[in-house]
Amino acid sequence: MDSTFSARKASKTKILVINALFIAFTLAATMFINLRLPIMGNGGLIHLGNVPLLIAAFVYGRKTGAIAGAFGMGLFDLISGWTAWAPFTFVIVGAMGYVAGLIAEKTPGNRVFVYALAVVAALVIKIVGYYFVEVILYGNWIQPFGSIPGNVLQVVVAAVIVIPLVGRLKKIVGQG
């Protein structure tokens, strides 16, 4: 038996399983741990789906972060009555996971600072992306400002949970 082929096959299987798990974790955290904000316009949905998304991006890299975010939160939109948002979520949250993972992978320096920088970049993508989606969906340039506090809150809460844990998680899974 060719050991190179077996190792490659095991590696692909492991990556597939990790991606599937983080899609499921992101979907579950978005679906079951959420709160709708009662503010103007769409208001925003506060959820903890960004926690597994950021863990995936920081521990397993930009591709896993993008896959977890795009598919996990995109599936949430499809099965939860937010169907019109699904294609936008797929792109925006996929970009959040990719960019956060990319910054975490490529930026040297203090890891806490790097992870915080990655979270800020993800937050900017979320705010700008969803602002323009709301402009498109609602045809209004003012109303989308009502969703910004919720977007900020959910990403900041995720950062407060994830940043202290990532170093330990990377050691546990043998990545750090």
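Guide: The model is predicted, so local features need pLDDT of at least 70 and side-chain atom pairs count only at pLDDT 80 or more, while totals for chains, interfaces and linings use all residues. Residues are numbered from 1 along each chain as its sequence is written, and side-chain values use heavy atoms, with hydrogens and water left out.

Visitor: Which pattern does the chain follow along the sequence?

Guide: The chain contains six helices and two strands. Read along the sequence, they follow the pattern α-β-β-α-α-α-α-α.

Visitor: Is Thr89 buried or exposed?

Guide: Buried means under 20% relative accessible area, exposed over 50%, and partly exposed in between (1.4 Å probe, protein chains only). Thr89 sits in helix H4, residues 86-106. Contact means heavy atoms within 4.5 Å, and beyond four places in sequence Thr89 touches Met73, Gly74, Asp77, Gly94 and Tyr130. With a relative accessible area of 3%, Thr89 is buried.

Visitor: How many of the eleven residues of helix H2 are buried?

Guide: Helix H2 covers residues 50-60 and is largely enclosed by the rest of the structure. Its buried residues include Asn50, Pro52, Leu54 and Phe58. After H2 comes Gly61, with a positive phi near 105°. The number buried in H2 is ten of the eleven.

Visitor: Which residues touch the most other members of the largest nonpolar core?

Guide: A nonpolar core is a set of buried Ala, Val, Leu, Ile, Met, Phe, Trp, Tyr and Cys residues joined through side-chain atoms within 4.5 Å. The largest one has 37 residues, and those touching the most other members are Leu54, Phe58, Met96, Ala100, Val119 and Val162.

Visitor: Which residues is Phe58 in contact with, leaving aside neighbours within four places in sequence?

Guide: Phe58 is one of the buried residues of H2. Leaving aside those neighbours, its contacts are Ala100, Ala104, Tyr115, Ala118, Val119, Val162, Val166 and Lys170.

Visitor: Which residue forms a salt bridge with Arg62?

Guide: A salt bridge is a side-chain nitrogen of Lys or Arg within 4 Å of a carboxyl oxygen of Asp or Glu. The structure holds one, and in it the closest N and O atoms of Arg62 and its partner are 2.7 Å apart. Arg62 lies in helix H3 and the partner in helix H4, so the pair ties together parts that are 43 residues apart in sequence. The partner, partly exposed with a relative accessible area of 39%, is Glu105.

Visitor: What share of the 176 residues of the chain counts as buried?

Guide: Val120, in helix H5 (residues 111-138), does not count as buried, because it is partly exposed with a relative accessible area of 47%. Over the 176 residues, the buried share is 44%.

Definitions and conventions. Helix = DSSP H or I, 4+ residues; strand = E, 2+ residues; numbered from the N terminus.
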